[in-house]
Amino acid sequence: MTPPPPSAHPANGTSPLLTVAPDNDYRWHSLSDNTLAGVTPAALAAILAAHWADVELLHPGVAARLLFLAAISVLNGVFAAVDWLFHRRAVAATPLCPSPIFVIGLPRSGTTVLHNLLAADPRLVTPDTFQVGFPSCFLSLRGLETVLLRGLLSPTRSMDNIALDWTCT
């Protein structure tokens, strides 16, 4: 069975796990740079439960990504448990800003520049790329991220070749 073209797929644009791209698109035959790589087992189960009817299991790109996400979600879950066990008191005691700033925008609209400008202000705290990608376990993975995830994290963004720094600060 040939998958429908991306424009005809009901889940098009909703998740990199669910959408179907042309067979010649290398990003669909690669496991690196998966937007959901930081997912935990519970979050992956919730995503699949909500969108199961839209998952194209017969498409080789989707099947490979689903297996990858299932495996890495277990790893994320283990490290999330370690984070909770060793860091929960410090995280709970950390004061939060009463008026956080969220930078949201379309691709190529200047959000990275704005984020970098805000990050340069010593009065503000901004997450780095690794903390955003792996929110549930970045404390436990600090220092291990480049060793454990080598080959899964590209040095540049796929859409514009801008350098990425995956080092957790």
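Predicted model: local features only at pLDDT ≥ 70, side-chain atom pairs only at ≥ 80, totals over all residues.

Reader: How many helices and strands does the protein chain have?

Author: The protein chain has six helices and zero strands. Helices (H or I, at least four residues) and strands (E, at least two) are DSSP runs numbered from the N terminus. Along the sequence, the pattern reads α-α-α-α-α-α.

Reader: Why is S73 called buried?

Author: The relative accessible area of S73 is 3%. Buried means under 20%, exposed over 50%, and partly exposed in between, with a 1.4 Å probe and protein chains only. S73 is therefore buried. This residue lies in helix α2 and touches V39, T40, P41 and L44, not counting residues up to four places away in sequence; contact means heavy atoms within 4.5 Å.

Reader: Is G38 buried or exposed, and how do you know?

Author: G38 has a relative accessible area of 10%, so G38 is buried. G38 lies in the segment before α1. Among the residues that G38 touches are N76 and S136. G38 and S136 are 98 residues apart in sequence, and their C-alpha atoms are 7.5 Å apart in space.

Reader: What share of the protein chain is buried?

Author: Buried residues make up 30% of the 169 residues in the protein chain.

Reader: What makes the pair of R123 and D121 a salt bridge?

Author: The distance between the side chains of R123 and D121 is 2.6 Å, N to O. A salt bridge requires a side-chain nitrogen of Lys or Arg within 4 Å of a carboxyl oxygen of Asp or Glu, so the pair qualifies. Side chains of opposite charge can pair when their charged atoms come close. By this rule the count comes to one salt bridge.

Reader: How are the positions of α1 and α2 described?

Author: Two packed helices are described by the angle between their axes and the distance between the axes. The axes of α1 (residues 41–51) and α2 come within 8 Å and cross at roughly 145 degrees. Axes are lines fitted to C-alpha atoms, for helices over the stretch in contact, and angles run from 0 to 180 degrees between N-to-C directions. P41, L44 and L48 in α1 meet residues of α2 including L66, L69 and S73.

Reader: Why is I101 called exposed?

Author: I101 has a relative accessible area of 55%, and is therefore exposed. I101 lies in the loop between α2 (60–93) and α3 (111–119). F102 lies in the loop between α2 and α3 and is exposed because its value is 67%.

Technical notes. Residues numbered from 1 in each chain as written. Heavy atoms only, no water.
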